[in-house]
Amino acid sequence: MSDWFQDLWAAYRSTLGFAMVNAFFSLSTYAVLSAGILSFATVTYAAAGGFIGTQLALQAHLPVLLVLPASALVGALLAFAVALVFLRLDSHWMALASLALVLITRVVALNATPLTGGVNGLSVPLFFPFAALAGLLALTAVVFWRLSNSWYGIAARAVREDPAVASTLGIPPRRIQTIAFVVSGAVGGLGGMTLALMLQFLSPETYFINIAFTMIAAVVLGGSYHWAGAILGACVFTALPVIAQAVLPEFEKVLNGVALLLIMIFLPRGLIDPRGWKLRRAAKSP
Amino acid sequence: MSLFIEQLINGCALGSLYALFAIGFGLVFATLGILNAAHGTYASWAAIAAYWAVDQLGLPFPFAMLAGVAGGAVLALLVDQIGFQPLRARNAGLLGALITSIACWIVLDSLADSATGHQSLSFPLPAYPSGMIHIGEIQFATMQGISIAAMLVVTVGMHWLIRYSRFGAAMRAVGWNEAAASLSGVNPRRVVMVTALLAGATSGLAGVLGGVTTQNVSYTLGEGLMLKGFAAVVVGGYDDVRGAAVAGVALGVLEVMAAQYISTSLRDGITYALLLGFLLVRPRGIFGGVAFTRA
């Protein structure tokens, strides 16, 4: 029994690790989405957090437990700067602008050789215990849970549904969205650093458009109206390729895409849908 | 001097591909409200269709081009009806359609990769006009001339269609507000389908021309066009065909000139820096007007 368990653990340990790392990214995407903003800039925060964090560890010999908060701080500061610029745009343009930012991120990563190692990449010879990663994710989840029940969380929901109505209720939409950006930046920076620790190697291709797309898909898949949806979505999205690989290795990606398509068509509000639960409960009660 | 002019033509030809692609991408974004991540795959598949038409059926080049364009259009319609139509009924908005477009992108990209046998194909030489055109001292490839001409025709035609024809008015109306448009007698379903066809056809045209001029028929063709075409849409403004065309050509010229006179490695950097600059200074693009939105 324990042998069987150990085999399973050895085979899927890294999958679980990547699921947790992806959970940070999708939480970061969820953070802005919950205030009504579609932004792909998570990738940029992750790149900043990952590269700067790694350099802090390699050059300044900071311990990993100090590097992680530093990455979060870097991401948060960057997100604040991005928010100052992007919040002037309206929603469609914001989505385009954040996508442009992702493209620029890669160009910067390619050319800022002292920081990123350029085309050769950067190896990350750091050790981070698995349990610590799980603990970090749990801590982040607790923060999101507390936030969702706070004044900020309620205000963010109002801004998401209708900014005009929110501002007549005395909620400043711009300030709420700025906070959302900063939260997203902090979690994104953290995710970037944990990805570096998982991969043990960074290249300009590490933080690119595929993360942005898969993470937004993960959030919507899991349910974009609840923080747990982001985590569940990230897990499903990390597991899907692994399952597809086992079932039909030739058409792994096709299977992935088809699964995503079907889920979106039949469950457009995602797997975790608080409104759906409430509606069902209301329908049952006499 | 003649080097400069030749490079200018090179840039215009490259930019024409970006422009063609951007016109289709912007059309879908403005009319249907979809940020379509799968748009690049139409170009890849159109190039593959044209390649098959030449390689398997032995069709002459104009017909192969037609086959590619038709292929792109049909694919776009299929993606729209399978991926986007179910969401329209539910009002899933920008986000839902983005996700299904990502799904279609993943599927079509990996199928395209399998279709070309995981490698980059190139059109056999006698299958397309490979000569050079000489004007005085200046010479350029015939295909480059064809690209520029195609871009000009499509831009003028599309601009006329959208701004001055009755159907264009219907398209703009649907883009503005679908419910109001159908109240005033527009059939939104038909407008949506024709828009998807047109967008797929322009993207397909860019794909075929790009596949021939860059000697690369594979899924990477569409991805390259996607990134640059997207930049053109942002710089030019998605709701204006002229803007997308001008911005596309300008990006192509800038890219070629930057590679010639400044540095090859900064080629992409300059494009995206321009993109960011535009977003900061003029977020609604070159021809972008003032937005009126419901508070």
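Helices (H or I, at least four residues) and strands (E, at least two) are DSSP runs, numbered from the N terminus. The complex described here is a predicted model, in which local features need pLDDT of at least 70, side-chain atom pairs count only at pLDDT 80 or more, and totals for chains, interfaces and linings use all residues. Residues are numbered from 1 along each chain as its sequence is written, while chains are lettered from A and ligands numbered from 1 in the order in which they are written.

The predictor assigns the complex an ipTM of 0.78 and a pTM of 0.84. Within chain B, helix α8 (residues 188–213) has the highest confidence, at a mean of 93, and helix α11 (residues 267–281) the lowest, at 77.

Chain A contains 13 helices and two strands. Its C-alpha atoms fill a box of roughly 55 × 50 × 35 Å along the principal axes. The radius of gyration (taken over C-alpha atoms; the globule rule is 2.2 Å times the number of residues to the power 0.38) is 19 Å for chain A, in agreement with the value near 19 Å for a compact globule of 286 residues. Of the 286 residues in chain A, 49% are buried; a residue is buried if 20 or more other C-beta atoms lie within 10 Å of its own, exposed if 12 or fewer, and partly exposed in between, with C-beta atoms placed from the backbone. Two residues are in contact if their C-beta atoms, placed from the backbone, lie within 7 Å. Of the contacts in chain A with a separation of 6 or more, 78% involve residues 24 or more positions apart.

A:H61 is exposed, having 7 other C-beta atoms within 10 Å.

Chain B contains 11 helices and two strands, in the order α-α-α-α-β-β-α-α-α-α-α-α-α along the sequence. The radius of gyration of chain B is 19 Å, close to the 19 Å given by the globule rule for 295 residues, so chain B is as compact as a globular protein of that length. The C-alpha trace of chain B spans about 60 × 45 × 35 Å along its principal axes, and 53% of its 295 residues are buried. Among contacts in chain B between residues at least 6 apart in sequence, 75% connect residues at least 24 apart.

Strands β1 (residues 132–135) and β2 (residues 138–141) of chain B run antiparallel and are joined by four bridges; two strands pair if DSSP finds at least two bridges between them. B:I133 stands opposite B:F140 in β2(B). The two strands form a hairpin with two residues between them, and B:G136 in the turn has a positive phi of about 65°.

At the interface, 29 residues of chain A are in contact with 36 residues of chain B. Helices α4 (91–111), α10 (209–222) and α12 (252–266) of chain A each supply at least two residues of the side of chain A that touches chain B, with the largest share, 10 residues, coming from α4(A). This side of chain A comprises 24 nonpolar, three polar and two charged residues, where Ala, Val, Leu, Ile, Met, Phe, Trp, Tyr, Cys and Pro count as nonpolar, Asp, Glu, Lys and Arg as charged, and the others, Gly among them, as polar.

Conventions
pLDDT is the predictor's confidence in each residue, from 0 to 100.
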